[in-house]
Amino acid sequence: MSLFWITAIMLGGVLVPLLTERFGRTAVTICTMIAPAVALTYVISLTPTVLDGITVVERLSWIPSVGLDLSMRLDGLALMFSLLILGIGLLIIIYARYYLSEREAVGRFFAYLMLFMSAMLSIVLANNVLQLWMAWELTSISSFLLISFWASKTESRKGARMALTVTGAGGLALLAGLLLISDIVGSYDLGVILASGDTIRDHALYPIALTLVLLGAFTKSAQFPFHFWLPHAMAAPTPVSAYLHSATMVKAGIFLLARFYPVLAGTSMWFLIVTTAGLITLVMGAYVAMFKHDLKGLLAYSTVSHLGLIVLLLGLDTKLATVAALFHIMNHAIFKASLFMAAGVVDHETGTRDMRKLSGLWPYLPHTATLAMIASASMAGVPLFNGFLSKEMFFAESLHQETLGYLSWMIPVLATLGGIFAVAYSLRFVHDVFFGGEPEDLPKTPHEPPRYMKVPIEILAALCLLVGIFPSFMVGDLLASAASVVIVGNLPYYSLSVWHGFNLPLLMSVIAIVGGLIVYFYRNEVYRFQFQFRESDAKLVFEGVIQRITAGATRVQEYIDNGSLQRYMALLLLFTIVLTTVPLIDLEISTVIPPDQPVTGVEIVAGIILCLSAIGTVIFHRKRMFSLILLSVVGLVVSVAFARFSAPDLALTQLAVEVVTVILLMLALYFLPQKTLIESAPSRVVRDLAIAAAIGGIVATVNYAFITQPLDSISDYFIANSKTGGGGTNAVNVILVDFRGLDTLGEILVLGIAAIGIFKLLAGIRLSMTNADENGLPWSKDVHPPILIMISQSLLPLALLVSFYIFLRGHNMPGGGFIAGLITSVALIQQYVAHGVDWIKPRLKVDYQSLIAWGILIAAVTGVGSWFFDRPFLTSWFDYFDIPLIGEIELTSALIFDLGVYLTVVGATLLILANLGKLTSVRYRPTMEE
Amino acid sequence: METLYVICVGVVTFCGVFLCLRGRTFSVVVGLTMLSYAVNLFLFSSGRLSLRGSAILGTTENYADPLPQALVLTAIVIGFAMIAFVVILSMRARADLGNDLVDGRDHPDTEKKVQAARGKQ
């Protein structure tokens, strides 16, 4: 068997309760327990190996090139946690069977619980930090599901949301921290990371990495100032609280601290932060716990306090403190789980958890009371119970450290103070509930719970005693094994025994117990003192903060996303300016800028026409028709420029597209207002001019920067192989239909999609149009002038012939499918303009949508065809044939591909224009605007 | 020559951007058309400006770079499709909303028209 099976079995176990729910609550409980029981058995079977000091590591390669492996690790620390998680988990399942009522969805509950258990196990068994983090997040999410199990209650939902927000945010910090650490070390593997402690601590980024990891740990383990979520998570069903706040969830943060102790600890920064957070949490938690009237609230703050104690121990600079921390992790898990379960029994049997109502339950629940008293004694640190041992070690170590320099004496003093509070609240838990007169006004008459509901508590209470009396026999080896993983170097000497003679730590214990008794005896005075302070509800504060953040985000969003295209554009462009200016300033001006090529007068004139007509388009943009004409001049000069600079294909394409575009825009203008009113404020115009000038300047600069660099192009390959590989002498066309044929296929697809999108947009459109031009002159009555009809009709065959010629010669001379398609379109559109849609429709029965479809299909099939000859997609074929009378001709598969391009271009262009033109026809003629 | 070329590209970009920032659909469409000229010229010039060097084998000694030409050729066609789409979209917007504004402000008659259009469906 392999360690991977543990996770696999546990994850499989998530489904078990869902599948077996219909067989009844007992059946589902037993079936659910199978997976953890098997996993526990397997872990126990590995225990001797691990206790011998061997670390079991297993790997599954996933993406080895980037260091992503699935990797599991079972060492002493993981073993200790696995035993706690699985052992207490099994007890929780039994307990929950009796705790949840018959109406509740037991299957769902157990499924969440199993998911959480699997996640928790995956954290402790992970040997890859990313894997660890994934599991970490999974615990946050599954604990959210568990806490909000009673989702109908507001407090459940709010508590769950708060837990998720706090631990989730911490998880993000942890991710950043882990990535930093992995970056420093160069590996995600935990084994490698654990071996490079010095590298990490000496690195400049160590303080940041440490802070981030500590944020993750402190949020999860409810350390001050992130402790507030834990008490609110008490809205969960008690089995969940018993599990999450004893052995798991909150211990994940502690586990993380222990796991990374060898690499992150040892610096003064670690000691200072961890000690301070632990100390504050310890004292504050214990103090607040005394005033909680809710049983679970008391236990919640007590948990916060004990977590603070463990964190404090990890922050003290002695090796023994670390041993004590690990020991207390076990002890706390055992007694706290049993206390929560006992509180749950009381709640279950009496119907309330309010200690002001509860009293004198001893005669009704003698058995439960005994168990609760054992666990409380352990929590208070009474001798012969397990809590005493680790607390005694804690007191001893608080005396032996020098963490805070001359102020180190504060730690034992505050530790004792925390001990006093702990005794007081433990006493309250027992005395207020089980003694102090007959209970009154209880919602239910209490009696002992079902037999098996108490079994888990009995087992844990027995463990409290056994560990408390025979510590080294029970847990000595396990603790040593776990400590050897956490502590670098040799383990310090320590003895796990109840009696260490009369010494200072014992005195501190005595002070704590006596002091606690005194505080409890005078509790009414203490309460009176405390209740003069107004209690602040963490929930309200938290919700307020969240609401403020949401409101702020909404304001930002409303500012950016206000529905104004102008604002979007302006923001986008400003962002572009910021992004581009910085690298442009840093760009070194090359010392040798080759001189410009000489300019002829023609070029200067063309440039001036271009600039003037572009600027004219802007100046006259309110006179729409006029600016459109100027725009077409710009396009014309651009196509002339292409022709001048050795790009005949581009010149032809640009020219044809220009014609189509202008016709389209004129058609559109027919349905749009002829004039633009002055709307922009002068300040807005200035702003836009500034933005436009900046962008124009940047574009020109970048263009100049690269245009003056020596050309180092990959195009030599295309030129060299155009004839031999593609069978054509026009390199541009060969690139389009052969070398980069797949791109072209994609592009005609886009063209087709755009055309069909337009077709859809025009469907059912209700337009209004003007009956006069911008100067108030009515439109000409002569819709289809005869001269235009005559000329265009006679030109049609010629134009089609030209386009056919251009298409055929495209492979070797300027031309090809795109250009030929555009020429054909222009010729046909001219017929539409001359005759009108109504005249063309019965004469030209072509469905443009199918033309597009056929075009794309032909192009794609040509590409697929090469598969039949075992060639990659779109490999072209060509050969030369000698045909009598005509001479030698070349046949090539690229021509068929180009035919596809041709058809698509014709189909798309005409689909757009003919559909728009159709709206002007008699049938569709819209209502006139007044 | 190069200086003149980039000045022209800069001016066309400037005009295109300014028009794109106007508050009416038609200006935006004209601006986009202008911008696409500028972008095509910009991309085209990455193959440098060569005279009498069309990339037709056997016609010259120094061939112009055919790759930017092929890219720009498809860009011109796609650019046409995009402008056509935007222009039809703005017509549709005018038909459904009753105005051709893109300034994001609420126009009282807009709401009425939208509700009327919804009611008809």
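The model is predicted, and local features are reported at a pLDDT of at least 70, side-chain atom pairs only at pLDDT 80 or more, while totals for chains, interfaces and linings use all residues. Residues are numbered from 1 along each chain as its sequence is written, chains are lettered from A and ligands numbered from 1 in the order in which they are written, and side-chain values use heavy atoms, with hydrogens and water left out.

Chain B contains four helices and zero strands, where helices (H or I, at least four residues) and strands (E, at least two) are DSSP runs numbered from the N terminus. The order of its elements from the N terminus on is α-α-α-α. Of its 121 residues, 64% count as buried, a term that stands for under 20% relative accessible area, with exposed meaning over 50% and partly exposed the range in between (1.4 Å probe, protein chains only). Among contacts in chain B between residues at least 6 apart in sequence, 48% join residues at least 24 apart, contact being defined as heavy atoms within 4.5 Å.

The largest nonpolar core comprises 195 residues, of which A:Trp229, A:Leu264, A:Trp270 and A:Leu326 touch the most other members; such a core is a set of buried Ala, Val, Leu, Ile, Met, Phe, Trp, Tyr and Cys residues joined through side-chain atoms within 4.5 Å. Helix α16 of chain A (residues 319–350) supplies the largest share of this core, 19 residues. When neighbours within four places in sequence are left aside, A:Leu326 is in contact with A:Leu77, A:Met80, A:Ala258, A:Leu479, A:Ala482, A:Ala483 and A:Val486. Another core, of 121 residues, lies apart from it and has among its members A:Cys611, A:Ile691, A:Tyr848 and B:Met1.

A:Phe340 is placed in helix α16 of chain A and is buried, with a relative accessible area of 0%. A:His245 is 95 residues from A:Phe340 in sequence, yet the two are 8.9 Å apart in space, C-alpha to C-alpha. A:Asp347 also has its place in helix α16 of chain A and counts as buried at 15% relative accessibility; leaving aside neighbours within four places in sequence, A:Asp347 is in contact with A:Tyr99, A:Thr352 and A:Arg353.

Helix packing was considered for two pairs in chain A. Helix α14 (residues 268–289) and helix α19 (residues 410–434) pack at an angle of about 30 degrees, with their axes 8 Å apart, the axes being lines fitted to C-alpha atoms, for helices over the stretch in contact, and the angles running from 0 to 180 degrees between N-to-C directions. That angle makes α14(A) roughly parallel to α19(A), because angles under 35 degrees count as roughly parallel, over 145 as roughly antiparallel, 65 to 115 as roughly perpendicular and the rest as oblique.

Helices α28 (residues 648–671) and α34 (residues 817–835) of chain A have axes that come within 9 Å and cross at roughly 30 degrees, which makes α28(A) roughly parallel to α34(A). α28(A) passes α34(A) in a left-handed crossing, and the residues of their contact divide into 10 nonpolar, one polar and one charged.

Most residues other than glycine have a negative phi, and most peptide bonds are trans. A cis peptide bond, with omega about 5 degrees, joins A:Phe224 and A:Pro225, and A:Pro225 is found in the loop between α9 (206–220) and α10 (229–232) of chain A. A:Ala222, placed in the loop between α9 and α10 of chain A, has a positive phi near 55 degrees and is buried, with a relative accessible area of 0%.

Note on methods: Left-handed = near helix turned anticlockwise from the far one by under 90°. Nonpolar A, V, L, I, M, F, W, Y, C, P; charged D, E, K, R; others polar.
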